Amino acid sequence: MARSTWRGRVKKLLLERKEKGCKSFFALLDPDKPIDINKLIPILTRATVVLIGGSLGVTPYDIDDLITRAREAGIDKPFVLFPGGLNNIAANADAILYMSLLNSLDPYWIIGAQVAAAPIVKRLGLEVLPTAYIIVGEGGAAGHVGRAQTIPLDKPELVAAYTLAAKYLGMQFVYLEAGSGAHTHIPPETVKLTRKVVGNDVYLIVGGGIRDVDTALAVLEAGADAIVIGTLLERQPEKATEIVETVNSYCSRDASTLHPDISS
């Protein structure tokens, strides 16, 4: 399989879209689940990037195979690792969310796994996206495996404080996670406060529990730069298609009109 042309270009792609006032759609695929690539082509070809990873039962071979099948099906998109552990680091990917789970009770998920992963990431030549991972609400499997002290949904000030700490630590990306298949998404009010506190120089990703266009719009208009859709891809692809089209429509909006109440 030919080497992807997206290596070294993923961060630039995302930041350029942000500068233009565009929003991004991250399609999340879990190799541990049955995935019909052909069924998902209409969504994946519209996505900004394709995230790949899972908390349980995933090997690098699974990920490499999934990426190979997707590229053979004509999906010319950046494939970015969303690692649930060292076993999620795979050679065929373009980049990796190099994450620290800031609200974990276990130092392994804050820095231990990152130290063990660093030589592997360097050896594979993956582009690194320095990312703070913050789990809010239910947390799902990621919260359980990562031993997260999840932030209550009604405590937006804590989410904002964690995000501000990530900014001060030099992390360029922050992923606010409600958990895969979460019953409740992260409230737009939390996203709005977080954006107001950290300003516009942090790339803010929000995922978990987003199942319809209205919710996606509310989260985006509150200040998210990207939303993550995973469970919905297979269960209700028609809704996922509506959401990705809504996200992409932001590229036609004037960047100066977005988040006028946010001070940096």
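Author: Happy to. Let's start with valine 202, which is found in the loop between α7 and β7; helices (H or I, at least four residues) and strands (E, at least two) are DSSP runs, numbered from the N terminus. This is a predicted model, where local features need pLDDT of at least 70, side-chain atom pairs count only at pLDDT 80 or more, and totals for chains, interfaces and linings use all residues. Residues are numbered from 1 along each chain as its sequence is written, and side-chain values use heavy atoms, with hydrogens and water left out.

Reader: Thanks! Is valine 202 buried or exposed?

Author: Valine 202 is buried, at a relative accessible area of 1%. Buried means under 20% relative accessible area, exposed over 50%, and partly exposed in between (1.4 Å probe, protein chains only).

Reader: And what is valine 202 in contact with, leaving aside its neighbours within four places in sequence?

Author: With those neighbours left aside, valine 202 is in contact with Lys18, Lys167, Gln172, Val174, Arg195 and Asp225. Contact means heavy atoms within 4.5 Å. For a sense of distance, the C-alpha atoms of valine 202 and alanine 93 are separated by 24 Å, and the two residues are 109 apart along the chain.

Reader: How do α7 and α8 sit together, then? At what angle do their axes cross?

Author: The axes of α7 and α8 cross at roughly 15° and come within 8 Å. Axes are lines fitted to C-alpha atoms, for helices over the stretch in contact, and angles run from 0 to 180 degrees between N-to-C directions. The two helices α7 and α8 are therefore roughly parallel to each other. Angles under 35 degrees count as roughly parallel, over 145 as roughly antiparallel, 65 to 115 as roughly perpendicular and the rest as oblique.

Reader: Which residues meet there, between α7 and α8?

Author: From α7, Pro188, Val191, Lys192 and Arg195 meet Ala218, Val219 and Ala222 of α8. By class, that contact of α7 with α8 has five nonpolar, no polar and two charged residues. Here Ala, Val, Leu, Ile, Met, Phe, Trp, Tyr, Cys and Pro count as nonpolar, Asp, Glu, Lys and Arg as charged, and the others, Gly among them, as polar.

Reader: What about α8 itself, which of its residues are buried?

Author: Thr215, Ala216, Val219, Leu220 and Ala222 are the buried residues of α8. Down the axis of α8 they fall within an arc of 165°, so they line one face of the helix. The cover over them includes α7, β7, β8 (226-229) and α10.

Reader: You mention α10. At what angle do α8 and α10 pack?

Author: Helix α8 (residues 213-222) and helix α10 (residues 237-248) pack at an angle of about 30°, and their axes are 9 Å apart. That makes α8 roughly parallel to α10. In this pair, Val213, Ala216, Leu217 and Leu220 of α8 meet Glu242, Ile243, Thr246 and Val247 of α10. The contact of α8 with α10 divides into six nonpolar residues, one polar and one charged.

Reader: New topic: where does threonine 131 lie?

Author: Threonine 131 lies in strand β5 (residues 127-135). At 1% relative accessibility, threonine 131 counts as buried. Beyond its neighbours within four places in sequence, threonine 131 is in contact with residues including Leu97, Met99 and Phe173. The C-alpha atoms of threonine 131 and phenylalanine 173 are separated by 4.5 Å, with the two residues 42 apart along the chain.

Reader: Last one: where is arginine 147 found?

Author: Arginine 147 is found in the loop between α5 (140-145) and α6. Arginine 147 has a positive phi of about 50° although it is not a glycine. With a relative accessible area of 46%, arginine 147 is partly exposed.

How values were computed
Arc of directions from axis to C-beta.
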